Protein chains: 4
Amino acid sequence: MPVPAPNLYPPFNTIRLSHVELGVTDLQRSRAFYVDTLGLQVTEEDASTIYLRAMEERGHHCIILKQTDKAGARYLGFKVYDEDNLDRAAAFFKARGLPVDWVDSPHITRAFRTRDPQGIPLEFYARMDRLPPIHQQYALYRGVKPLRIDHFNCFSPDVDAAVAFWNEIGFRVTEYTEDADTGRLWATWLHRKGGVHDIAFTNGAGPRLHHTAFWVPTPLNIIDLLDLMSTTGWLANIERGPGRHGISNAFFLYIRDPDGHRIELYCSDYQTVDPDHEPIRWDLKDPQRQTLWGSPAPRSWFEEGSLFAGTAPVQSTLAASPIIAP
Amino acid sequence: MPVPAPNLYPPFNTIRLSHVELGVTDLQRSRAFYVDTLGLQVTEEDASTIYLRAMEERGHHCIILKQTDKAGARYLGFKVYDEDNLDRAAAFFKARGLPVDWVDSPHITRAFRTRDPQGIPLEFYARMDRLPPIHQQYALYRGVKPLRIDHFNCFSPDVDAAVAFWNEIGFRVTEYTEDADTGRLWATWLHRKGGVHDIAFTNGAGPRLHHTAFWVPTPLNIIDLLDLMSTTGWLANIERGPGRHGISNAFFLYIRDPDGHRIELYCSDYQTVDPDHEPIRWDLKDPQRQTLWGSPAPRSWFEEGSLFAGTAPVQSTLAASPIIAP
Amino acid sequence: MPVPAPNLYPPFNTIRLSHVELGVTDLQRSRAFYVDTLGLQVTEEDASTIYLRAMEERGHHCIILKQTDKAGARYLGFKVYDEDNLDRAAAFFKARGLPVDWVDSPHITRAFRTRDPQGIPLEFYARMDRLPPIHQQYALYRGVKPLRIDHFNCFSPDVDAAVAFWNEIGFRVTEYTEDADTGRLWATWLHRKGGVHDIAFTNGAGPRLHHTAFWVPTPLNIIDLLDLMSTTGWLANIERGPGRHGISNAFFLYIRDPDGHRIELYCSDYQTVDPDHEPIRWDLKDPQRQTLWGSPAPRSWFEEGSLFAGTAPVQSTLAASPIIAP
Amino acid sequence: MPVPAPNLYPPFNTIRLSHVELGVTDLQRSRAFYVDTLGLQVTEEDASTIYLRAMEERGHHCIILKQTDKAGARYLGFKVYDEDNLDRAAAFFKARGLPVDWVDSPHITRAFRTRDPQGIPLEFYARMDRLPPIHQQYALYRGVKPLRIDHFNCFSPDVDAAVAFWNEIGFRVTEYTEDADTGRLWATWLHRKGGVHDIAFTNGAGPRLHHTAFWVPTPLNIIDLLDLMSTTGWLANIERGPGRHGISNAFFLYIRDPDGHRIELYCSDYQTVDPDHEPIRWDLKDPQRQTLWGSPAPRSWFEEGSLFAGTAPVQSTLAASPIIAP
C-alpha cells in the first residue's frame, strides 16, 4: 500500500483548515459572486479587501478577497490547537529548512507564514477573533446557505511526496487513488477535523489550488444555487455537476468565481474521527472513483487551477499535463 | 405565432394520458428495472405480461410489459371522460379516415385502438378497473417513489402537423420551440390534465416514442435513484441528468430500461388548468430551453427512440436525422 | 354513503379557485407577513390595497389585502371556463334565488358577486389580467417559495347541505369524514382542478373561512419557513404543524396572519382528475384522518375562523361549538 | 458563568461516544423496530443478542440489544485514541476511587468497565473489530437511513457535578441552560468528536438514560420515518417532534422502542472542533432553547428514562421530579 501509516503523535496539533486569501481583479464583481450569489456573510470590508464567513462559523473569516492586478491564491490558512502548538509548528518548519515568517495577520493573535516542501504558501495560527453566532439568524441565509469551509484541493506534481509530508504533520489519509501500473499515488484525501478531508492532492502540474470547498446543508441547496446561477447571469460559471463522487461519497457542484478560482459546494461525506479509520483505495482506472454518477468532468476541471503566490508550478513526475491558470 | 389557438370545444373530452404497452425481450430483467429499481407496483403478472401502477394511481395499470421477440412501443393509452365521449372519439377518428378497432383490452370496459395521422398507435377508453388506494402504505415505497405517469414524448417528422391534429382534439400547447429561420415548430408540449404536458412532439425521424415520464415527489428522490442505480449494476442505464429543463421547469433524469426504452423521472413543473394559459415560446437557438442548467444531452438522447408497432418512421420534413431504435 | 354521486354534467364549468379578498387592519404589517415572510409577490399596491400572486401564477392576483377597520374575509373568487360559462353561472345562481351582482372587479373583464346557500360571498369570473411568467426568475423566490393558491377551507353549519350544493355545480368529493353515529358528513373535500380540493367544508358554526392554502415545492420549504418565522418575531403566529394529514396525504403547516386569518402551507397531495375517482371515507373517530402523524391540533385551530363579510355565522346542526373570530 | 473552562490537556484522549448495550424484553420485536423500521444493519445475531451498526460506521456495533427479563441501559461505550490512552483512562478512574473492571467485551481488543461519579456504567476501549464500508451500498439503505450514532443524553441529579467531572476528562461544553435564579446548570451539552455533543446531562432524578441519538442525512429522512411508522403500527411510539431545538440547532424526532428506550433522530447541528469554541448560554425561562419551533414536549419526555444497570436513581438537588422508567 502506497499510503503511509498515520502519524498518531505528530509534532504539533492542527485542528482544521481555516481560511484562504484569494487575489481577485474586480472586488465588486467577486462580492456579487461570493456574497449575493453564494450567500457568504461579510464580516468586514473596505475598498481593497472583503472578509467573509459562512453561516455556522465564529472565526472572523474563511475567505479574504483582496483586490489585485493578477488573480491568484495567496496562502492557505490552518488553525492549530493553541499558542504552544503554534510555536511547535514554527519549530518544525524551521527544522525542515522551510521559511517561518511571523506576520501581522488581521484579526489573528499570532501567525506565521511558511511553505510546504512543494511550495504551497501556508499560514498557521492558533487564535482568530471570534464573532457572535449567526447560525440561527435564519433571515440571513441566502444562496446555497454555506455553513462552513470544508477543504482545499491542490494539484501536486508529486502526490507521494506531498502525502509523506502532510502525513508527518498529522493529516490522516481517508481515501486515495493508486496508479496500479506504477504503484504510485495519483490523488489522496487527508483530514484533521474528522471529515474526509481538510486538504487533498491530485496529480498535475503544481502546486496550484484546484478548489476551495464549502459544506452546505443538503443536495437541495445545491439545486437551489443552480437555479439561481442559471437565471442571474452566472450560467457560464457552473463548471461541473451536480453529481456524487465515489471518493468521499459527497454530493457536489463545482463553480468558478469571476477570476476562475474554483469553488466546490459539498455535502454528505462521512465522519472519520477514529484513529484506526482505514483508508479506502480506488484504482485510477475506475471511473466511479470521481463520478459515482453524473456527467464526466470537462477538460477545464482537469487542467485549470489557481496559481499560488510566489511559486511557479512544475510538471508532474507521473504524467505531463498542461499548466493552465484561469 | 406558429401555435394554433386552443380548441376550447373539442370533439371529445380526453382526461389524461393513461398507460403504455411496451414490448420487452426479457421480462424478468425488465421487472428488475421497473419494480425493484424504480419502485413501480405489480398489480398483475403472468409468464408473458406484467401490469404496473405508480403509488398514487388507482387505475389498474400505467405500464404493461409484454414479453416479445423485438422491443417496441405497442400503443399509448388515453382516458376519456365517459363512455359517451368514447363513442364521440371513435366517431371522430372514423370521420377522419383513421382506423377504429374495438378491442378486448384487459381490465378496461370498452376500448378502441386507432392511430393519429402520423401513425402513432393509440388506445382510448373511459373506464379501467380501479384498485384500492396505496398512497399511504408507506412500507411499499421504494426506488424513486414514482407517484403517477406524467407524459409521453414522441419524435415527430412534422411537428406542425402533429400539433394541428392534437390541438384539434383538445390538447392545449403550454410551451414550444420555434425555428426562427423557417417559422416552423421544432418541438411542442400539449396537455389535457393541467400540467405542462400529457404528450410532447419533438422534431426527428418518426413517429418514435422518445420517452415515458413519471412524476416523483422531490428532486431528492431522483438523487436517491441515482445512488441506487449507480451501485446496483444500472450505471450504464443512466443517460442524461440530473438537470433542470428550461421548458417545463422540470427537474429531470433520463434512464433507459433493459431494452433501451427511455424513462424520464420528473418533478416540479407547474399548473396549467387555465384555458387562457399562454404558451411560452423558446427559440431553437437558446440552449437553456432544454437545459436551464446541467450537462448537455448525449447524442443518444437526440437520436434514439422506441419504434411504434406497425409504423415505420419517416424522415423529418425539417432536418434529416438518423433513425435509431434501441 | 352520505356523499352524493358526482355531477359530471354541471350547469357551468368552474376551472379552479382563484383568489380571496381579505380585510386587514394594518396593511403594512400584513405586507411584512405575506410578502417579506411568506414570499408572495406584489403585483400592485397603493395606500389601501395590495395585490399578490404566487410564483407560478400568471393571473394578476390570488390574494387582495384591503385595509379595513375590522378584519374579515370579503369574498372567495372562482374562475370559470369562459364568458359563456360565466353567463350560465349567473343564470344558475339567479334561478336559485341567490343574488347576482355584476361588479367592476379590478383586473377582471366581467365578474359577478353572489353567495352560496349558506351565505359565503363569492366572485365568479372567466378572464383576469395575465402577467408574464416569473417561475424561472429564481432570484425572486423567498420565504416558503409559494407556488400557487391551492384551496379554501370553510366552517359550515350543515356540511351535508353545503356538499349537496357544491356537488351540483360540479365540485367532486375526494375525501370525507362521516359521523358514523348519525350517518352525516362531518367534513368534505371537493375539487375542480384535479387535486384533493379547491374547497372543503368542516362542521362548525359558520359560514366562516377556516383557511386559505398555498402549494409549496417540498416539505423542506415549510421547514425553512418555520426556521424563519421562529427567529424573526413570528413564532406566535405558528399555530399547528408541521405534520401530515391522513385526509389528502398533505404535509402541512398552519400559520396565522397579523389579523388571525389562517394560512396553510401545503404540499404532496395527489392527482384526482379521473371522473371516476372514488372518494375516500374516514370515520370521525379515527384520529389519523386529521393527523397521520404530528402533534394534535390546538383548540384555536378547531374554533377560530375569519368571518365572511355580510354573513353572521349560525350554529352547526350537528354539534354546538363556539363561534370565535380572530 | 457556571460552566468550567475547557480542560485542553485532559488525562486521556477520548475520541467519541461509541455504543450502548440495551436490555430488551422481546428481542424480535426490538429487531422489528431497530432493523426493519429504523434501518440499522445487523452485524451479528444469535438467540439472545443482536449487534447493530449504522450506515457509515465501520466499527462492529453501535447498539447491542440483549434479551433480558427487565429492560434497562447496561452501559455506555466510549472509544479512546489508542491502548496507551486506554491505560491512562483506567489509571485515572482508579485514582478517583472508581471501579475499573477489565472485561472480555465481544469484538473489542481490550476494554474496562467503570462508572462516573453519579453511577453511570461506562465501557472504555481503544480498538473494536472493523467491518468493510457499506456507505455506498445504497441498496441497503432503509427507514430513516441512520448514518452514525451521535450522542447520549442522561438525566442527572446534579448537572454541575456531572459537568465538572466530564469536563475534567476533556469533554467540552458547547451549550448550556442556566437557572438564573440559582446560578446553577440545568442542562449541558459536551463533546469530544466535534459536534454539539457526545453526551448531555439534563436535570432530573438520575442517573437515567434519556435517549440515544442517531445522525440522519436530512430532515426529509425523518419525515419518511414518520410516514413509515404512522402506517406500520408504530404510531404510538412517536413521542415528540418533528421540530427544531434552539440548543444545538438540530432538526429532531424522538421515538420510543418497544421497551420504552428513547431514540432521537437528529441532523443539522454544527461543527465545534475549535478549542476556543465559546459555549452558548440559554436561560431556563426561554422556551425556544428546547423548541425553536414545534409542539411542546409531552410530559413523558420530561419524566421517563431508562434505568442504568446497577444504579438506583436519586432525586435532583435542584428540583424534585418523578422517577419514571418505561
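Two residues are taken to be in contact if their C-beta atoms, placed from the backbone, lie within 7 Å. The views below show a predicted model, in which local features need pLDDT of at least 70 and side-chain atom pairs count only at pLDDT 80 or more, while totals for chains, interfaces and linings use all residues. Residues are numbered from 1 along each chain as its sequence is written, and chains are lettered from A and ligands numbered from 1 in the order in which they are written.

**View 1. The contact between chains C and D takes 14 residues from chain C and 14 residues from chain D.** On the side of chain C that touches chain D, the elements giving two or more residues are α4 (219-230) and β14 (238-244) of chain C, where helices (H or I, at least four residues) and strands (E, at least two) are DSSP runs numbered from the N terminus. The largest share of this side, six residues, is supplied by α4(C). By class, the side of chain C that touches chain D has nine nonpolar, three polar and two charged residues; Ala, Val, Leu, Ile, Met, Phe, Trp, Tyr, Cys and Pro count as nonpolar, Asp, Glu, Lys and Arg as charged, and the others, Gly among them, as polar.

**View 2. Chain C is superposed on chain D by a rotation of 180° with 0.0 Å of shift along its axis (RMSD 0.0 Å).** The two copies are thus related as by a two-fold rotation axis, the superposition being by least squares on the C-alpha atoms of residues with pLDDT of at least 70 in both. Of the residues of chain C, C:Ser295 comes closest to the rotation axis, with its C-alpha at 3.2 Å. Because 100% of the interface residues of chain C are also interface residues in chain D, the copies meet through the same surface.

**View 3. A:Leu17 lies in strand β1 (residues 14-24) of chain A.** A:Leu17 is buried, with 24 other C-beta atoms within 10 Å; a residue is buried if 20 or more other C-beta atoms, placed from the backbone, lie within 10 Å of its own, exposed if 12 or fewer, and partly exposed in between. Not counting residues up to four places away in sequence, A:Leu17 touches A:Phe78, A:Ile149, A:His151, A:Phe152, A:Asp198 and A:Ile199. By C-alpha atoms, A:Leu17 and A:Val144 are separated by 21 Å, and they stand 127 residues apart along the chain.
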